[in-house]
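Biologist: I am new to this structure and would like to go through it step by step. Please show it, and then we can start with a single residue.

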Amino acid sequence: MSKKSRTHRLRTLLMLTCICLVFASCSKPMDHPKTYNASGSFHDQVVLTEKDGTVWVPVKQAVQSLGFQLHETRNRTLIGYTDPMYEVQTDNLEATSLGSPVTLSQAPVRLKGRLYMSTNALSELLQTKMYWNKNQRKMIIGNLQDKGPINSHIKTQSVHGIRPLSNGGTNPEAVVNYARNYLGTPYDFGAQPYAQSKKFDCSSFTQHVFINFGVSLPRLARDQGNMGTPVTKSNMATGDLVFFRVPGRFNDASIPGHVGIYMGNGKIIHTWGDPGVQISNITSGHWAENLLFIRRVL
C-alpha cells in the first residue's frame with residue numbers, strides 16, 4: 001500500500017472510529033523527577049485498526065504514559081527522558097533508537113495534527129513488546145530495553161578533542177565556574193545548540209560546557225556515559241560527569257537518562273525542568289537514590 005493511500009485510509013478510520021485506549025503504564029510526567037512504575041492507565045485516546053489487523057496509536061500519549069517527554073516539529077519528533085533518546089520522522093521508515101539507526105516496519109503518519117505509529121513500529125523504536133488487547137481494550141507496553149548495558153565497569157574509551165591548558169591540563173574548578181554562568185538558563189527537551197536556542201537539556205548543557213575546554217562530548221547522556229574513565233563514588237572529584245538512571249523505566253537499570261557536572265561538596269550543576277540550570281544535592285533525596293555512575297573526562 002502506498003503512503004498516500006494508507007494515510008487516506010487512516011484518516012477515514014479516524015473519522016469513523018473512537019476506541020478507548022488504556023496504556024498499562026504510569027500517568028503523564030510531572031515537572032519534577034518521579035519514579036515511574038508499570039501500573040495505572042491512560043484513557044480516552046483513539047486507536048485505529050486496519051482490516052489487516054494493524055493497530056495505530058497516538059505517539060504522544062503512548063510515550064508520555066512511559067514517563068517520557070516529546071518534542072515535535074513539522075516532520076521530526078524527538079522522544080526521551082531529559083534528553084532525546086529516540087527520533088522519528090513523519091512518513092519515513094528510518095528512525096533512531098538509543099543512538100542507533102533502525103528501520104521501522106511502518107512509517108509514522110500525521111492525522112489531524114497528531115502523530116500515529118503502528119504498534120509494530122513503536123515496538124521497534126522503543127525496543128520493547130507492545131500489543132493491543134482487544135477484549136480488555138487495553139494497550140500493553142513492556143519495560144524498555146537496551147542493546148547493551150552501560151555502567152562503571154565498561155572499558156575506558158578515548159576522549160577526543162582535549163586541548164591542554166598552559167598548566168598541562170584542564171582546571172576542573174574553571175569548568176564548574178564556567179557552568180555557573182548559565183544558572184537559570186531555561187530547560188528545553190531536545191534543545192537546539194545554545195547559540196541558536198539560548199536553552200539546554202541535560203546533555204546539551206554538559207556538551208556545551210566541556211567543549212569550551214576542548215573536550216568534545218556526544219550529544220546524548222547515554223553516549224556521554226561511554227566517555228573517559230570510570231570513577232567510584234568515594235573518589236569523585238570536581239568536574240566529573242555524574243549519571244543518573246531513569247527510575248523504573250528500563251529492564252536494565254544501568255542505562256543513564258540524566259547527566260550533571262559534579263561541583264564538590266555533594267553538589268551537581270545540571271538542568272531539569274524549572275528553573276533550568278540549577279544546583280542540586282546528590283547526598284540525599286531523588287538524585288542520591290538514582291545516582292548510577294561517574295565518569296572522568298578531564
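Biologist: In this predicted model, is Ser 118 buried or exposed, and what is its relative accessible area?

Modeller: Ser 118 lies in strand β10, which spans residues 114–118. A residue counts as buried under 20% relative accessible area. Ser 118 is therefore buried, as its relative accessible area is 1%.

Biologist: Which side chain makes a polar contact with the side chain of Ser 118?

Modeller: Not counting residues up to four places away in sequence, Ser 118 touches Thr 54, Val 55, Trp 56 and Gln 106. Its side chain also reaches the backbone nitrogen of Ala 121, at 3.0 Å. The side-chain partner, at 2.4 Å, is Gln 106.

Biologist: How far from Asp 83 is the nearest side chain of opposite charge?

Modeller: Asp 83 sits in the loop between β5 (76–80) and β6 (84–89). Asp 83 is buried and has no salt bridge. A salt bridge needs a distance within 4 Å. The nearest side chain of opposite charge belongs to Arg 219, and the distance is 4.8 Å.

Biologist: Which residue has a side chain joined to that of Asp 83 by a polar contact?

Modeller: Beyond four places in sequence, the residues that Asp 83 touches include Phe 189, Asp 201, Cys 202, Ser 203 and Arg 219. The polar contact between side chains is 2.7 Å, and the partner of Asp 83 is Ser 203.

Biologist: What arc around the axis do the buried residues of helix α4 cover?

Modeller: Helix α4 runs over residues 172–180, and its buried residues are Val 175, Val 176, Tyr 178 and Ala 179. They lie on the same side of α4, because the arc they cover is only 160°.

Biologist: Which elements do the buried residues of α4 pack against?

Modeller: At the start of α4, a side-chain oxygen of Asn 171 comes within 3.0 Å of the backbone nitrogen of Glu 173. The buried residues of α4 pack against α6 (202–211), β15 (256–264) and β16 (267–272).

Biologist: Over which residues is the pLDDT below 50, with 86 contacts in the model beyond near neighbours in sequence?

Modeller: The protein averages a pLDDT of 78, and 73% of the residues score at least 70. Where pLDDT is low, the predicted coordinates should not be read in detail. One stretch with pLDDT under 50 is residues 147–168, with 54 contacts beyond four places in sequence. The stretch with 86 contacts is residues 15–44.

Biologist: What percentage of the residues in the protein is buried?

Modeller: The protein has 8 helices and 18 strands. Of its 298 residues, the buried ones make up 51%.

Key: Residues numbered from 1 in each chain as written. Predicted model: local features only at pLDDT ≥ 70, side-chain atom pairs only at ≥ 80, totals over all residues. Heavy atoms only, no water. Helix = DSSP H or I, 4+ residues; strand = E, 2+ residues; numbered from the N terminus. Buried < 20%, exposed > 50% of the residue type's maximum accessible area, 1.4 Å probe, protein only. Lys, Arg positive; Asp, Glu negative; His and termini not counted. Polar contact = N/O pair within 3.5 Å; in protein donor to acceptor, adjacent residues only side chain to side chain. Contact = heavy atoms within 4.5 Å. Arc of directions from axis to C-beta. pLDDT = per-residue confidence, 0-100.
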